[in-house]
Amino acid sequence: MPVEIEMRARFTQDVHDRLVALLRQGGDDLGPDDKLIHFYVLPDQLLKVTENISAGTAKISLKESRIGRGAAFPETEFALAPDDIPTAVRLFDALGYAETRHEAYTRRHNYRYDGVEIAVKWSGAWGHHAEFEVLLPDGASDAARAEAVVRITDVAGALGVTLMTEDELAAFTAAFEAGERQRKEREERKGREAGEERRGSGEREESERWATGIR
């Protein structure tokens, strides 16, 4: 399967604006690429159901690694009809992955600069960030992978962007996942409490009807 060499950076609005200006001046503008992603964080993989809002397409993809565990991401993907996205999500939920599912809208614009594809993004969890990618063919050698990492690092440096280390990526994603678990637990607790309150209210109303003879 093809191998994506990916490296990432998070930055401020000022850095975003400067980066976009440089890419417009010296790179190729590949256009908007906004996405709504349902992603399942598995122990050693990342499974995604992606709606490409800009292109009106959809796909399912499986990355054979996770963010924070190296820059190489072997990936398998196939196209999906956009109308089938809810069915795909229900299917993966039913297979036992529901607890690992998260959703994210990502505003994204793609560029190519000196052989590196750069997606300039914004999302609620990541804020302003970018993904630098070189796509390698199936069976790419370790030397080719290392060369791609060097190319990405050089391009990021030329554009004034500081790439995140693997430790920083791992810490960031772990904090995100922990926050999502806490959010889901709060929502489930509120749902249980609301259900208990509705049941209690129904029981009180039933008791009052018995007491007043209204049946």
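Guide: One aromatic cluster consists of Tyr40, Phe92 and Tyr97. The model is predicted, with local features needing pLDDT of at least 70 and side-chain atom pairs pLDDT 80 or more, while totals for chains, interfaces and linings use all residues. Residues are numbered from 1 along each chain as its sequence is written, and side-chain values use heavy atoms, without hydrogens and water.

Visitor: How many aromatic pairs does the rule give?

Guide: Rings of Phe, Tyr and Trp (its six-membered ring) pair if their centres lie within 6.5 Å; planes under 30 degrees apart are stacked, over 60 edge-to-face, and the rest tilted. By this rule, the count of aromatic pairs is three.

Visitor: Which geometry do Tyr40 and Phe92 form?

Guide: Their ring centres are 5.7 Å apart. The angle between the planes is 70°, and the pair is therefore edge-to-face.

Visitor: How many residues apart in sequence are the parts that Tyr40 and Phe92 tie together?

Guide: Helices (H or I, at least four residues) and strands (E, at least two) are DSSP runs, numbered from the N terminus. Tyr40 lies in strand β3 (residues 35-41) and Phe92 in helix α2 (residues 85-97), so the pair ties together parts whose separation in sequence is 52 residues.

Visitor: Is Phe92 buried or exposed?

Guide: Buried means under 20% relative accessible area, exposed over 50%, and partly exposed in between (1.4 Å probe, protein chains only). Because its relative accessibility is 12%, Phe92 counts as buried.

Visitor: Which class describes the pair of Trp126 and Phe172?

Guide: The ring centres of Trp126 and Phe172 lie 4.5 Å apart. Their planes are at 55°, so the pair is tilted.
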